[in-house]
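Here's a quick tour of how some of the pieces in this fold pack together. Have the viewer open as you read.

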Amino acid sequence: MALFSKLLNKIRGGSIAAADWDEFERTLIESDLGAQLTQEIITLARSAKVDEIESALLQALSAKLSSAPRDLALRADGVTTILVVGVNGTGKTTSVAKLMKFFTDQKLKVVVAAADTFRAAAIDQIQTWGTRLGVPVVVGKSESDPASVAFDGLKRAMSDQANIFIVDTAGRLHTKSGLMDELGKIRRVLEKVNPVDEVLLVVDATTGQNGITQAKLFAESVQVTGLILTKMDGSAKGGIALAIESLTGIPVKFIGSGESAADLQVFEPEKYLQGLLA
Ligand SMILES: Nc1nc2c(ncn2[C@@H]2O[C@H](COP(=O)(O)OP(=O)(O)OP(=O)(O)O)[C@@H](O)[C@H]2O)c(=O)[nH]1
Ligand SMILES: [Mg+2]
């Protein structure tokens, strides 16, 4: 993750050659920062004074982060509703399980709806997590209407006086407008009764620049309020969080770092930037 450390050391040591800049550029590109951001950073680094370079970089990178609210919009009273959306296999269901643990650890009462009704296995998967983590999971029949399962889940959350209601949705391609419209329908049906507070888009960090395209297109059809960047434990390149925030304006709210329920971290931008520069 310490993308800049080698360069900074060389600059401070006073011996930086053309090849070092090339290597730095490669490092940034390979970390999924994207071409444009990489060029901006290099231009800045080349022009900054030696003793100011670190603070100049930190400032420039900070300015690239999203300025949208980063804390979850949790209600003090009533049910906070969170929709979890994304393309196939990004880690939505696992992230819902992680959120179950995240909230129950804070002594909040959680109810989940299994609105991925396309596959029976998907219903089993989320039910298994619910049983393991002690969270009620409302399911419908296989192939039943996802919006009606979500609605049943919300009714249960309200009658149970739950604090948090999470909807796990089916994976969908951001390019298929029919499937994207279905998310809008889920939202509309829920909002007849209670507002949707967060729409968290789950992006697999290992998909690199494609993740940025996904974020842009999802944001166009549903009001995405935050990202969960998963699989940051694998070969994921640390630059993707910065690239995605800079290009979409959507804040990263959580980082997924493994397959178990505990592998979720709240994204802390300052720490993240310090980590890049360390
Ligand atoms: N290493 C790693 N694996 C993860 C992480 N999150 C999810 N996975 C794995 O990714 C695979 C897909 O996860 P799911 O949670 O089923 O993904 P999904 O988005 O619900 O998939 P669909 O419902 O089929 O669209 C599983 O094998 C998970 O264990 C993560 O943060 N790190
Ligand atoms: Mg799933």
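This is a predicted model: local features need pLDDT of at least 70, side-chain atom pairs count only at pLDDT 80 or more; totals for chains, interfaces and linings use all residues.

As for geometry, the axes of α4 (residues 53-64) and α11 (residues 269-277) come within 11 Å and cross at roughly 135°. That angle makes α4 oblique to α11, and the crossing is right-handed.

## The sheet and its edges

Now for the strands. Eight of them form an open, mixed sheet, running β3-β2-β4-β1-β5-β6-β7-β8. β3 (137-138) and β8 (264-266) sit at the edges with a single partner strand each, so one side of each has no neighbour in the sheet.

The partner of β3 can be seen in the pairing with β2 (residues 110-115), which is parallel and has two bridges. There, V112 stands opposite V137 of β3. Helix α6 (residues 120-133) packs on the sheet here, touching β2, β3 and β4 (164-169), with its direction at about 170° to that of β2.

## A covered strand

How many residues of β6 (residues 226-230) are buried? Five of its five are, so to speak, tucked away as buried residues. Both faces are covered: G226, I228 and T230 lie on one side, L227 and L229 on the other.

β6 pairs with β5 (residues 198-204) in the parallel sense over five bridges, and G226 is the bridge partner of L200. Helix α9 (residues 209-221) packs on the sheet too, touching β1 (80-85), β5 and β6, and its direction makes about 160° with that of β5.

Note on methods. Residues are numbered from 1 along each chain as its sequence is written. Chains are lettered from A and ligands numbered from 1 in the order in which they are written. Axes are lines fitted to C-alpha atoms, for helices over the stretch in contact, and angles run from 0 to 180 degrees between N-to-C directions. Helices (H or I, at least four residues) and strands (E, at least two) are DSSP runs, numbered from the N terminus. Angles under 35 degrees count as roughly parallel, over 145 as roughly antiparallel, 65 to 115 as roughly perpendicular and the rest as oblique. A crossing is left-handed if the near helix is turned anticlockwise from the far one by less than a right angle, and right-handed if clockwise. A residue is buried if 20 or more other C-beta atoms lie within 10 Å of its own, exposed if 12 or fewer, and partly exposed in between; C-beta atoms are placed from the backbone. Two strands pair if DSSP finds at least two bridges between them. Two residues are in contact if their C-beta atoms, placed from the backbone, lie within 7 Å.
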